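Subject: Handover of a structure

Dear colleague,

Please find below the structure that I am passing on to you.

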Amino acid sequence: MKLTVHTFLTVDGVMQGPGGVEEDPSGGFTRGGWLVPHADQDMGKIVDGWFARAEAILLGRTTFVMMRDFWKQITDPDNPAATALNGLPKYLVSNTVTEPDWNDTTVLSGDGVLAEIARLKERPGGELQVHGSCGLARTLHEAGLVDEYRLLTFPVAVGAGKRLFTAEAPATGFRLVESASTSAGATYAALAPTPFTTGGIQAVDGKEQLVEG
């Protein structure tokens with residue numbers, strides 16, 4: 001399966017608490033809900049397209065609990081996100097949750113989690129999708145297990161907060177796979193990781209010339 005990471009970001013790279021102040025106040029974060037004023041039908045179509053490709057869902061504990069408590073209440077059969085999250089196989093990465101209480105959930109724990117996720121990727125099928133789950137997404141990025149990043153960036157900056165790419169993350173290049181924009185000013189980019197490269201600029205015969213490193 002293809003492992004894809006899906007997240008909402010501010011322009012300064014924060015992914016914490018997009019849907020509300022109460023969603024993730026850890027670390028004293030008080031600016032949750034920054035996505036809501038910029039949500040529109042264009043965003044909805046992009047997100048629905050994500051879930052249409054899902055074959056299984058992989059979540060960290062904080063996001064799992066938040067999603068479970070909300071999406072179990074949504075029984076509308078015409079809601080693609082609810083249909084996917086409530087009906088598809090789910091994998092929860094947690095050393096503390098032993099009874100996940102959400103349909104078709106398998107708990108992954110212990111020191112061999114990354115190896116288990118790598119084995120899941122070897123199965124035939126569509127996409128194993130990560131949604132939110134900041135700590136898990138960072139770990140998967142560092143381990144080189146992510147096949148595609150789907151980032152929806154909103155026109156707002158919040159300052160401090162959890163970020164997908166930290167100062168400790170490995171340098172990575174990306175190839176643009178898909179892009180779009182919304183009427184509310186959000187930009188969407190699907191990115192496939194590539195090796196990190198550098199280059200420079202030099203003057204040649206009176207002209208600028210780019211030189212790859």
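How many aromatic pairs does the count come to? In this predicted model, the count comes to nine aromatic pairs. One of them joins Phe8 and Phe154: the ring centres are 5.9 Å apart and the planes stand at 75°, so the pair is edge-to-face. Because Phe8 belongs to strand S1 and Phe154 to strand S6 (residues 148-154), this pair ties together parts that are 146 residues apart in sequence. Phe154 is buried, its relative accessible area being 0%. Phe8 and Phe154 also belong to one aromatic cluster with Trp34, Trp50 and Tyr188.

Tyr149 and Phe165 form a tilted pair, since their ring centres lie 5.8 Å apart and their planes meet at 50°. Tyr149 is buried, with a relative accessible area of 2%, whereas Phe165 is partly exposed at 32%. Both residues are in contact with His141, which is found in helix H5. His141 counts as buried, at 5% relative accessibility.

A charge is also placed over a ring: the charged end of Lys90 sits over Trp102, 4.9 Å from the ring centre.

I turn now to the largest pocket. The space in it is about 1300 Å³. Its lining consists of 48 residues, and Thr63, Met66, Met67, His131 and Gly132 lie nearest the centre. Helix H2 gives the most to this lining, with eight residues. By type, the lining divides into 22 nonpolar, 20 polar and six charged residues.

With kind regards

Note on methods:
Residues are numbered from 1 along each chain as its sequence is written. This is a predicted model: local features need pLDDT of at least 70, side-chain atom pairs count only at pLDDT 80 or more; totals for chains, interfaces and linings use all residues. Side-chain values use heavy atoms; hydrogens and water are left out. On a 1 Å grid over the protein atoms alone, a cavity is a set of points where a 1.4 Å probe fits but cannot get out, and a pocket is an open set with protein on both sides within 12 Å along at least five of seven lines; lining residues have an atom within 4 Å of a point. Grid points are joined across faces, edges and corners, and a volume is the space filled by probe spheres set on the points. Helices (H or I, at least four residues) and strands (E, at least two) are DSSP runs, numbered from the N terminus. Ala, Val, Leu, Ile, Met, Phe, Trp, Tyr, Cys and Pro count as nonpolar, Asp, Glu, Lys and Arg as charged, and the others, Gly among them, as polar. Buried means under 20% relative accessible area, exposed over 50%, partly exposed in between (1.4 Å probe, protein chains only). Contact means heavy atoms within 4.5 Å. Rings of Phe, Tyr and Trp (its six-membered ring) pair if their centres lie within 6.5 Å; planes under 30 degrees apart count as stacked, over 60 as edge-to-face and the rest as tilted. A charge sits over a ring if NZ of Lys or CZ of Arg is within 6 Å of the ring centre and within 35 degrees of the ring normal. Lists of a residue's contacts leave out its neighbours within four places in sequence.
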